[in-house]
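Trainee: I would like to learn how to read aromatic rings and helix packing in a model.
Mentor: Let us look at the structure together.

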Amino acid sequence: MKKINEKIFYFCNDSERAVGIENYFTDYHIICIDYNETVDYMINDGVKVFSLEKERGEFNPIFRSTYKLMQDDLALDYVKKNISKGEIPNIIVFKPSKKIEKLVDKYGWKLLNPDSSYNRKYERKISQYRLLSKEDKSIFPKSVVDRLESLGYEELVKKLGERFVIQYNIGHTGSSTVYIDNKEDFDLEQGKSGKKIARIAEYIEGRAWTLNAVVTRFGTFYGGLSYQITGIKECTSGSGATVGNDWGLSSLLSEKQISEIERIVKIVSDKLHSEGYRGMFGFDFVESKSDGRIYLIEVNMRQPASTSMHTYILKSLNLPSLLLFHILEFLYSDDKLYLEQLSCLLYTSDAADE
């Protein structure tokens with residue numbers, strides 16, 4: 001397979017976020033904080049990996065933050081040693097932020113990520129619901145948005161059912177999601193967080209699914225529908241936290257359910273494309289156990305956590321990674337050059353033909 005002649009530096013906490021695309025580019029570097037077996041495996045496989053823990057010989061040498069890593073002297077020295085004088089390095093991060101964008105501008109680097117304003121606008125639970133429900137309210141479970149102290153338990157039960165879910169605007173891996181089973185649960189949560197505005201949604205019992213996607217100038221590519229493994233107590237303290245994915249179970253979904261997932265993907269991606277968003281993002285769905293209906297739970301406006309594993313699956317089928325489309329979108333403003341670089345990575349094989 002040919003490689004794209006570009007120099008890429010992926011800054012992240014854990015190298016696992018950045019693996020999978022190392023063979024697409026002639027000069028790909030991972031700069032991470034953590035030192036673990038993945039780091040040694042990648043180095044032994046010829047991948048250029050800088051681990052701050054390994055270099056400093058200590059555990060957690062800095063606060064676990066990509067922003068902090070990008071200011072570390074050893075990490076900066078690594079970039080300088082691997083670029084020519086006057087060369088502008090291409091930088092990727094797992095999740096963009098305004099602070100990272102300002103830092104990249106200060107250094108004179110090129111960031112291969114969408115503007116963080118989209119993340120703030122669409123990944124926050126309440127603003128995401130308000131924006132996307134305007135396109136089609138039926139894609140979400142029944143919901144109420146209000147300050148928690150203004151709501152009564154009996155009122156919510158009438159609207160949403162005996163069990164419901166409270167979601168606050170900001171959180172990660174389930175930390176902003178609280179499941180309410182009875183009045184005691186609600187009273188306790190209302191006492192702790194009554195001043196907060198929340199989205200309270202009907203609880204849909206059923207299997208959770210996730211899907212990766214990327215918006216490009218040519219349209220949206222998506223794939224890798226996987227079962228979302230959630231809330232296993234041996235793996236997490238949060239009942240709503242995702243701990244893994246299983247790509248082998250999507251055959252359990254009917255054609256009608258797949259069509260509904262594709263309809264929701266089109267609604268959301270068309271909205272994002274019209275607003276100028278480009279890059280990776282991910283969907284979380286739930287399949288109702290009672291009637292099989294598919295609902296959108298949330299959209300994650302960044303590279304999904306399952307991207308690396310999904311990339312390896314696609315590579316095993318001789319198909320390009322969605323992250324590759326993401327990177328090319330930001331590397332090349334010229335359409336012809338974009339397509340030329342992409343075409344050099346595509347080739348036929350028995351696996352691809354099948």
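Mentor: What follows takes ring pairs, then charges over rings, then a pair of helices. This is a predicted model, in which local features need pLDDT of at least 70 and side-chain atom pairs count only at pLDDT 80 or more, while totals for chains, interfaces and linings use all residues. Residues are numbered from 1 along each chain as its sequence is written, and side-chain values use heavy atoms, with hydrogens and water left out.

Trainee: How many aromatic pairs does a search of the whole structure find?
Mentor: Rings of Phe, Tyr and Trp (its six-membered ring) pair if their centres lie within 6.5 Å, and planes under 30 degrees apart count as stacked, over 60 as edge-to-face and the rest as tilted. The search finds 16 aromatic pairs. Tyr129 and Phe140 form an edge-to-face pair, because their ring centres are 5.0 Å apart and their planes stand at 70 degrees. The rings of Phe283 and Phe285 are stacked, since their centres are 5.6 Å apart and their planes lie at 10 degrees.

Trainee: Are Phe283 and Phe285 buried or exposed?
Mentor: Buried means under 20% relative accessible area, exposed over 50% and partly exposed in between (1.4 Å probe, protein chains only); Phe283 and Phe285 are both buried.

Trainee: Which ring does the charged end of Arg163 sit over?
Mentor: A charge sits over a ring if NZ of Lys or CZ of Arg is within 6 Å of the ring centre and within 35 degrees of the ring normal. For Arg163 the ring is that of Tyr203, 4.1 Å from its centre.

Trainee: At what angle do helix 12 and helix 13 pack?
Mentor: Helices (H or I, at least four residues) and strands (E, at least two) are DSSP runs, numbered from the N terminus, and axes are lines fitted to C-alpha atoms, for helices over the stretch in contact (heavy atoms within 4.5 Å), with angles running from 0 to 180 degrees between N-to-C directions. Helix 12 (residues 322-331) and helix 13 (residues 335-343) pack at about 150 degrees, with their axes 10 Å apart.
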